[in-house]
Amino acid sequence: MADQPLGWEVVRSEVLARGGITTMVDDEVRTPGGETLHRQYLQHPGAVGVIALDEQDRVVLVRQYRHPVRHRLVEPPAGLLDVAEEEWLTAAQRELAEETRLAAGEWHVLVDQFVSPGSTSESVRVYLARDLHPTDHPEGFVVEGEELEMDVVLAPLAELVQAVLAGRLQNPLTVSGVLATELARRDGFRTLRPADAPWPARTARP
């Protein structure tokens, strides 16, 4: 089973609005049957997230206010792929250092996902980081915006699994990352992809 990269013909595309991160577009799309449809969605640069797991099976997370949903969410360190030519793994390593002042000696890919494919082009890769050790903030990093009110928390993986299944944790990177980590842990992480594994959603995207 695999998702299939495919692009229906775009007859016309109109930019409805431009924001600081996303662009709202309206595409007129021709279906294989010849019908034309209008689909409005947000173009998004994509993102990476990090499940940082210590030697005691505890996960390093942050609590951050998210205005669109009016919640302070428990999330893995994460950030946009908005730095030109920056490698995906490099972006994840940078975000981990910026938000938690941690680095990791071992990296794997946990899961790739489209966050909300009916309304945004955003694709996210979640990494598993282990062999954690302290590090400094990257040079030039400045804490601003919601991150000024963000704090770092440490929680046992087993408790996080229970919280996800109970509906207490709702961030999609938290949900997918925690459950994927628990599943991968059961076989000693042997089936995880290497950190430089291909990311079809990025390479096949128009």
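Mentor: Buried means under 20% relative accessible area. The model discussed here is predicted.

Trainee: Is Trp107 buried or exposed?

Mentor: The relative accessible area of Trp107 is 11%. The limit for buried is under 20%. Trp107 therefore counts as buried.

Trainee: Which residue forms an aromatic pair with Trp107?

Mentor: The partner is on strand β9, while Trp107 is on strand β8, so the pair ties together parts 20 residues apart in sequence. The ring centres are 6.1 Å apart, with 80° between the planes, and the pair is edge-to-face.

Trainee: How are the rings of Trp88 and Trp199 arranged?

Mentor: Trp88 lies in helix α1 and Trp199 in the loop between β11 and α4, so their pair joins parts 111 residues apart in sequence. Their centres are 5.0 Å apart and their planes are at 80°. Planes over 60 degrees apart count as edge-to-face. The pair of Trp88 and Trp199 is therefore edge-to-face.

Trainee: Which residue lies over the face of Trp199?

Mentor: Trp199 is buried, with a relative accessible area of 1%. At 5.4 Å from its ring centre lies Arg202.

Trainee: Which element gives the most residues to the largest nonpolar core?

Mentor: The largest nonpolar core has 23 residues, and Leu160 is among those with the most contacts inside it. Elements that give two or more residues to this core include β8, β9 and α2. With five residues, the element that gives the most is α2.

Key: Residues numbered from 1 in each chain as written. Predicted model: local features only at pLDDT ≥ 70, side-chain atom pairs only at ≥ 80, totals over all residues. Heavy atoms only, no water. Core = buried A, V, L, I, M, F, W, Y, C linked by side-chain atoms within 4.5 Å. Buried < 20%, exposed > 50% of the residue type's maximum accessible area, 1.4 Å probe, protein only. Helix = DSSP H or I, 4+ residues; strand = E, 2+ residues; numbered from the N terminus. Phe/Tyr/Trp six-rings, centres within 6.5 Å; stacked < 30°, edge-to-face > 60°. Lys NZ or Arg CZ within 6 Å of the ring centre and 35° of its normal.
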